[in-house]
Amino acid sequence: MRLRYACVTCSRILESEEIVYECPSCAAGQKDGLVEGYSRGYLSVVWSPAAPMAPGSPVDPLQFMPFPIRDLPSYPAGGTPLVCPAILQKKTGFPHLAFKNDTLNPSGSLKDRASLLVAAQAWVHGEKRVALASTGNAGASMAGAGAAFGLDVVLFVPGAAPRAKLLQSLLYGARLVPVKGTYDDAFSLSMVYTREYGGINRNTAFNPFTVEGKKTVSLELYNQLGCRVPDVVYVPAGDGVIFSGACKGFADLVKAGCADRMPVMVAVQAEGSNALARSWREAREIILPRAATIADSLSVCRPAGGRMALDYLRITKGRAVEVSDAEISAAQAELCREAGMFVEPSSAAAWAGFLKDRHQVDPGSRVVVLLTGTGFKDAAAAEKLVSLPAACDATIEAAARLLSDSYGLHGRS
Ligand SMILES: Cc1ncc(COP(=O)(O)O)c(C=O)c1O
């Protein structure tokens, strides 16, 4: 199948039936990790509608995909609910505030949208092996999709990734390579692996179908909001690929004729991993010497999707917001206690970003916060917020004492 791609660096159009990752001229001479600034020559899939679509008409996300997805019900990524959190709408004074709950994907994160499309890519090209680097969720997601579609998944992760994400990946049957080093080290190693051992590389941004798969989140949002795009969207960002995927979905809706504008897109980063936010502020490409945050999924020194994300910040007249680990933890607790949403710290960062940024937003706006990953996989982060009471004797007196000692006499009023 012949597909069209645009180089993110030089905008040149490429057509190919083969698996391609980079624009040959921009990528020439570039060695992994040794290039100044962000990677050059990554590709963006050029999608065009078969026929113009009516403004405000509902869309079928599958029609926006570059090729058919075989056996979609085997790994039904996407189709996640829009949550309208009444208590938080009232508390913040934003009556149209909504969460896109992508924690409800098969492996627990938005990454499943990309993994599904990469699994379809493997099928189109008759490949059986997919290698990737991950902070944890993309790996677990590709491992899950790999299990559902019979693929061999080789996964490079920083050794310090949350245990549950690694156990989940192993249980799905991935071959796990924990690396002594950072996510950026795992990323470079996985590139070498694919060059030497073949198969598909699913590294985020490097494989253009990662952005393409993630764009379905915006197509669904458009349908769920009554065939309208939101006004402002808050997206947690590390490599910036979820951000770009969400932007591309809206851009393709405009291209299709369904919408006449894109939302203002806000990328939310952790202060301890703020390469994109600083790059946006300082108008130059920043690579961090080290990145550290409680939101481990956002911990990136050299954002793989940096160029595209910065382009989309400009195109959507968006902005980048930074939040501290304390703000992320407080946001995680608030989402649990006041919306019943148990998300991992990276997703809580998006909520913290909205809370910090909301003075810039008209309260009548349709605001969507993207919740990208479940909290169940990061027990260590949860244990920073609560401590389990010790078991009491099985008597009503002991239970009453525990309730009073641990939670106050009457609990929450
Ligand atoms: C749950 C979750 N949210 C957000 C992100 C950040 O996405 P990106 O690195 O594409 O910016 C990740 C990345 O691993 C993630 O797993």
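Strand E1 (residues 3-7) is mostly covered, since 4 of its 5 residues are buried, where buried means under 20% relative accessible area, exposed means over 50%, and partly exposed lies in between, with a 1.4 Å probe and protein chains only. The model is a predicted one, in which local features need pLDDT of at least 70 and side-chain atom pairs count only at pLDDT 80 or more, while totals for chains, interfaces and linings use all residues. Residues are numbered from 1 along each chain as its sequence is written, and side-chain values use heavy atoms, with hydrogens and water left out. The protein chain holds 15 helices and 13 strands, these being DSSP runs numbered from the N terminus, with helices (H or I) of at least four residues and strands (E) of at least two.

**Overall form**

- The radius of gyration of the protein chain is 21 Å, close to the 22 Å that the globule rule gives for 413 residues, so the chain is as compact as a globular protein of that length; the radius is taken over C-alpha atoms, and the rule is 2.2 Å times the number of residues to the power 0.38.
- Along its principal axes, the C-alpha trace spans about 75 × 45 × 45 Å, and buried residues make up 58% of the 413 residues.
- Of the contacts between residues at least 6 apart in sequence, 71% join residues at least 24 apart, a contact being heavy atoms within 4.5 Å.
- The accessible surface comes to about 17,300 Å², of which 56% belongs to carbon and sulfur atoms, as given by the Shrake-Rupley method with a 1.4 Å probe, where for residues only the protein chains shown count as cover.
- The mean positions of the 42 positive and 39 negative charges are 3 Å apart; Lys and Arg count as positive and Asp and Glu as negative, while His and the chain ends are not counted, and the charge is placed at NZ of Lys, CZ of Arg, CG of Asp or CD of Glu.

**Strand E1 and its partners**

- E1 pairs with strand E2 (residues 13-16) in the antiparallel sense over 4 bridges, pairing being assigned if DSSP finds at least two bridges between two strands, and alanine 6 has isoleucine 13 in E2 as its bridge partner.
- The two strands E1 and E2 form a hairpin with 5 residues between them, and serine 11, found in the loop between them, has a positive phi of about 70° although it is not a glycine.
- At 53% relative accessibility, serine 11 counts as exposed.
- E1 also runs antiparallel to strand E3 (residues 43-45), to which 3 bridges join it, with cysteine 7 standing opposite leucine 43 in E3.

**The sheet that includes E9**

- An open sheet of 4 strands has the order E8-E7-E6-E9, with parallel pairing; strand E8 (175-179) and E9 stand at the edges, each with a single partner strand, so one side of each is left without a neighbour in the sheet.
- Strand E6 (residues 129-133) runs parallel to E9 and is joined to it by 2 bridges, and alanine 131 has asparagine 201 in E9 as its bridge partner.
- Isoleucine 200 lies in strand E9 (residues 200-201) and counts as buried at 0% relative accessibility.
- Leaving aside neighbours within four places in sequence, isoleucine 200 is in contact with residues including Ile19, Tyr21, Val118, Arg129 and Asn207; the C-alpha atoms of isoleucine 200 and isoleucine 19, which are 181 residues apart along the chain, are separated by 8.0 Å.

**The six-stranded sheet**

- A second open sheet, of 6 strands, has the order E4-E5-E13-E10-E11-E12 with mixed pairing; strand E4 (82-83) and strand E12 (319-323) stand at the edges, each with a single partner strand, so one side of each is left without a neighbour in the sheet.
- Strand E11 (residues 264-270) pairs with E12 in the parallel sense over 5 bridges, and alanine 267 has alanine 320 in E12 as its bridge partner.

- Helix H8 (residues 216-224) is mostly covered, with 7 of its 9 residues buried, among them Thr216, Val217, Leu219 and Tyr222.
- The cover over the buried residues of H8 includes E4, strand E5 (98-101), helix H3 (111-125), helix H7 (208-214), helix H9 (241-256) and strand E13 (367-371), and just after H8 glycine 226 takes a positive phi of about 75°.
- Aspartate 71, in the loop between E3 and E4, has a positive phi near 50° although the residue is other than glycine, and is partly exposed, with a relative accessible area of 42%.
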